[in-house]
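Morning, everyone. Please look at the model first.

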Amino acid sequence: MIIRQVSVFLENKSGRLNEVTKILADAEINLSAFTIADTSDFGILRMIVSDPDKACSVLKENEFSVKTTDVVLAKTPNKPGSLSKLLDILQQEEVFIEYMYAFSMQDEGAVTVIRPTRVERCVEMLQKHKTELIRADELYQF
């Protein structure tokens, strides 16, 4: 139920994001979701990929600063109020969220990537409330 997210430190220079995606493509690593948090000087690219270990390895070989972080992927219907219900559960159970991002497909629902301070507790509380969680073996198949 815990997914390893790959985070890459990027200088704010033209072409750096493209360089990362080319390295991953050449290594046949699928990019399922990503977000970028940035400042004027640098950004942090956070990604859900098909092979986190290989992604870290090939990016480090190309002199990128990389680390992995545990996250939780919760699946909800793609309809108004679904995210609010998910956040209500986490607030009610006192699960603190450091950050999150999401993606959705019209007919396939929405997936929210959650980085809580206590990953295991987050999983436990979402399972208690019968929230559908995505397992690594489901996600990394393509």
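Of the 142 residues in the chain, 41% are buried, meaning under 20% relative accessible area with a 1.4 Å probe and protein chains only. This is a predicted model, where local features need pLDDT of at least 70, side-chain atom pairs count only at pLDDT 80 or more, and totals for chains, interfaces and linings use all residues. Residues are numbered from 1 along each chain as its sequence is written, and side-chain values use heavy atoms, with hydrogens and water left out.

The chain has five helices and seven strands; these are DSSP runs numbered from the N terminus, helices being H or I with at least four residues and strands E with at least two. Starting at the N terminus, the order is β-α-β-β-α-β-α-β-β-α-β-α.

Along the principal axes, the C-alpha atoms fill a box of roughly 45 × 35 × 30 Å.

Now the helix pair. Helix 1, residues 16-26, packs against helix 2, residues 52-61, at an angle of about 125 degrees, and their axes are 10 Å apart. The axes are lines fitted to C-alpha atoms over the stretch in contact, and angles run from 0 to 180 degrees between N-to-C directions.

Which residues meet there? Val-20, Ile-23 and Leu-24 in helix 1 meet Ala-55, Val-58 and Leu-59 in helix 2, contact being heavy atoms within 4.5 Å. The residues of this contact are six nonpolar, no polar and no charged; Ala, Val, Leu, Ile, Met, Phe, Trp, Tyr, Cys and Pro count as nonpolar, Asp, Glu, Lys and Arg as charged, and the others, Gly among them, as polar.

Note on methods. Buried means under 20% relative accessible area, exposed over 50%, partly exposed in between (1.4 Å probe, protein chains only).
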